[in-house]
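Let's walk through a protein model together, one question at a time. Keep the picture open while you read.

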Amino acid sequence: MDCRRDEETINKTIDFAKELDCETIQVSLAHAMPGTELHDQMSKEGFLRVEALADTGGHQLPHIEYPHLSKAEMMDGVNRFYDDYYFRPKVAWRIVREALWDSHERKRLYHEATSFLKLRGERLKWVRQGGDIDKTIVSVPGSASASAND
């Protein structure tokens with residue numbers, strides 16, 4: 001496996017999501033829970049780098065690191081996915097159009113947007129620091145506690 005294939009896979013996933021053109025969409029990182037086939041495979045291949053699923057705010061942290069795709073690159077892919085999907089003129093207009101005519105929708109979108117932008121900023125900071133922000137994490141159940149700097 002090489003870096004180009006990893007990047008190509010991320011781009012194809014983003015393009016596929018754009019084709020679907022759903023009103024809302026969510027992307028998640030793969031998590032290898034203890035006792036699952038994925039956990040056994042990732043452990044065997046040495047891809048489990050940090051035994052954490054989320055930070056204390058409940059936000060996903062990558063705990064699988066592939067040879068040609070770092071934790072920071074995966075998190076950057078999540079940000080890029082959301083940016084490429086939601087910041088298209090067609091989607092932005094659809095969101096704004098709904099908010100213009102419905103005050104409840106406007107309030108809901110305001111709260112969602114502020115939460116989204118805050119989390120986006122935290123992810124960007126995490127990526128800039130190479131995936132090594134020193135913050136308390138929630139360990140994978142059944143695993144020894146780990147720090148985000150392992």
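Q: Is the crossing of helix 4 and helix 5 left-handed or right-handed?
A: Keep in mind that this is a predicted model. To find the pair, look for helix 4 at 89–101 and helix 5 at 103–128. Their crossing is left-handed.

Q: Are helix 4 and helix 5 roughly antiparallel or oblique to each other?
A: Two packed helices are described by the angle between their axes and the distance between the axes. Here the axes of helix 4 and helix 5 come within 5 Å and cross at roughly 130°. An angle has to be over 145 degrees to count as roughly antiparallel. Helix 4 and helix 5 are therefore oblique.

Q: Which residues of helix 5 make the contact with helix 4?
A: On the helix 4 side, the contact uses Ile95, Glu98, Ala99, Leu100 and Trp101. Sorted by class, the contact between helix 4 and helix 5 has five nonpolar, one polar and three charged residues. The helix 5 side is made up of Ser103, Glu105, Arg106 and Leu109.

Q: How are helix 3 and helix 5 placed, roughly parallel or roughly antiparallel to each other?
A: Now try helix 3, found at 71–86. Its axis and that of helix 5 come within 9 Å and cross at roughly 150°. Anything over 145 degrees counts as roughly antiparallel. So helix 3 and helix 5 are roughly antiparallel.

Q: How many charged residues does the contact of helix 3 with helix 5 have?
A: Helix 3 passes helix 5 in a left-handed crossing. By class, the contact has eight nonpolar residues and one polar, and the number of charged ones is five.

Q: Which helix gives the largest share of the lining of the largest pocket?
A: The largest pocket holds about 720 Å³ of space and has 24 lining residues. Nearest its centre are Ile95, Leu109, Glu112, Ala113 and Phe116. Helix 3, helix 4 and helix 5 are the elements that give two or more residues to this lining. The largest share, 12 residues, comes from helix 5.

Q: How many residues of the lining of the largest pocket are charged?
A: Let's sort the lining by class. It has 14 nonpolar residues and two polar ones. The charged residues number eight.

Q: Which helix supplies the largest share of the lining of the second largest pocket?
A: This pocket has a volume of about 430 Å³. Of its 19 lining residues, Ile10, Ser28, Leu29, Leu69 and Met74 lie nearest its centre. Helix 1, at 3–20, and helix 3 each supply at least two lining residues. The largest share, five residues, belongs to helix 1.

Q: What is the phi of Asp21, which is not a glycine?
A: Most residues other than glycine have a negative phi. Asp21 sits in the loop between helix 1 and helix 2. Although Asp21 is not a glycine, its phi is positive, at about 50°.

Conventions: Residues are numbered from 1 along each chain as its sequence is written. This is a predicted model: local features need pLDDT of at least 70, side-chain atom pairs count only at pLDDT 80 or more; totals for chains, interfaces and linings use all residues. Side-chain values use heavy atoms; hydrogens and water are left out. On a 1 Å grid over the protein atoms alone, a cavity is a set of points where a 1.4 Å probe fits but cannot get out, and a pocket is an open set with protein on both sides within 12 Å along at least five of seven lines; lining residues have an atom within 4 Å of a point. Grid points are joined across faces, edges and corners, and a volume is the space filled by probe spheres set on the points. Helices (H or I, at least four residues) and strands (E, at least two) are DSSP runs, numbered from the N terminus. Ala, Val, Leu, Ile, Met, Phe, Trp, Tyr, Cys and Pro count as nonpolar, Asp, Glu, Lys and Arg as charged, and the others, Gly among them, as polar. Axes are lines fitted to C-alpha atoms, for helices over the stretch in contact, and angles run from 0 to 180 degrees between N-to-C directions. Angles under 35 degrees count as roughly parallel, over 145 as roughly antiparallel, 65 to 115 as roughly perpendicular and the rest as oblique. A crossing is left-handed if the near helix is turned anticlockwise from the far one by less than a right angle, and right-handed if clockwise. Contact means heavy atoms within 4.5 Å.
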